Amino acid sequence: MVGMSFSSNRTISLGTNDRSEYRLFISHSWDYSQEYERMEELLDDANYFEYRNYSVPEEDAIDANSVEELKEEIREGQIKPSSVVVVLAGLYSSYSDWIGREVRIAEEENKPIIGVEPWGSDNTSDYVERHADEMVGWNTDSIVSAIRELSP
């Protein structure tokens, strides 16, 4: 069995905007889950911004019997329904097989990709930089603006 997690697809309500909600998939490494948690907090604290989180946190593993089955679950249940894929672009992203798979799936599904430079670090994944439609710093306004701009 391959372990991955599945979000509760919960909606975080943070105010009102012209759009009712943004559907996000946040690609991240479970080994660096504190960055994912900080990203969620940053988005939760954004003014006038609602989003549905289609990410795969470790505590909600997808029950798949093979890597191919897991990839299809991520494609169909997480990335396809998302309007934007946000990739945490720490150096570890260049070496993560799953982040690479998720980026390739996003590209195959024509989903815009936002790369977020790591908080407190000058080192960014070259892989993410090459594949992102837009790179932004670890800043609420920059991230939310990119999500609004790139969401269909």
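**Fold, rings and a helix**

Author: The protein has five helices and eight strands; helices (H or I, at least four residues) and strands (E, at least two) are DSSP runs, numbered from the N terminus. This is a predicted model, in which local features need pLDDT of at least 70 and side-chain atom pairs count only at pLDDT 80 or more, while totals for chains, interfaces and linings use all residues. Residues are numbered from 1 along each chain as its sequence is written, and side-chain values use heavy atoms, with hydrogens and water left out.

Reader: What percentage of the 152 residues of the protein count as buried?

Author: Buried means under 20% relative accessible area, exposed over 50% and partly exposed in between (1.4 Å probe, protein chains only). Of the 152 residues, the buried share is 48%.

Reader: How many aromatic pairs are there?

Author: Rings of Phe, Tyr and Trp (its six-membered ring) pair if their centres lie within 6.5 Å; planes under 30 degrees apart count as stacked, over 60 as edge-to-face and the rest as tilted. By this rule, the number of aromatic pairs is two.

Reader: Why is the pair of Tyr22 and Phe49 classed as it is?

Author: The ring centres of Tyr22 and Phe49 are 5.2 Å apart. Their planes are at 15 degrees, so the pair is stacked.

Reader: How many residues apart are Tyr22 and Phe49?

Author: Tyr22 is in strand β3 (residues 22–27), and it counts as buried at 5% relative accessibility. Phe49 is buried too, at 0%, and lies in the loop between α1 (33–44) and β4 (51–53). The pair thus links distant parts of the chain, with a separation of 27 residues.

Reader: Which ring does the charged end of Arg101 sit over?

Author: A charge sits over a ring if NZ of Lys or CZ of Arg is within 6 Å of the ring centre and within 35 degrees of the ring normal. For Arg101 the distance to the centre is 4.5 Å, and the ring is that of Trp98.

Reader: Why do the buried residues of α5 line one face of the helix?

Author: In helix α5 (residues 140–150) the buried residues are Ile143, Val144, Ala146 and Ile147. Seen down the axis, with the arc taken from the directions from the helix axis to the C-beta atoms, they line one face because they fall within an arc of 160 degrees.

Reader: Which residues are exposed on the other side of α5?

Author: The buried residues of α5 are covered by elements that include β3, α1 and β6 (84–88). On the other side, the exposed residues are Asp141 and Glu149.

Notes. Contact means heavy atoms within 4.5 Å.
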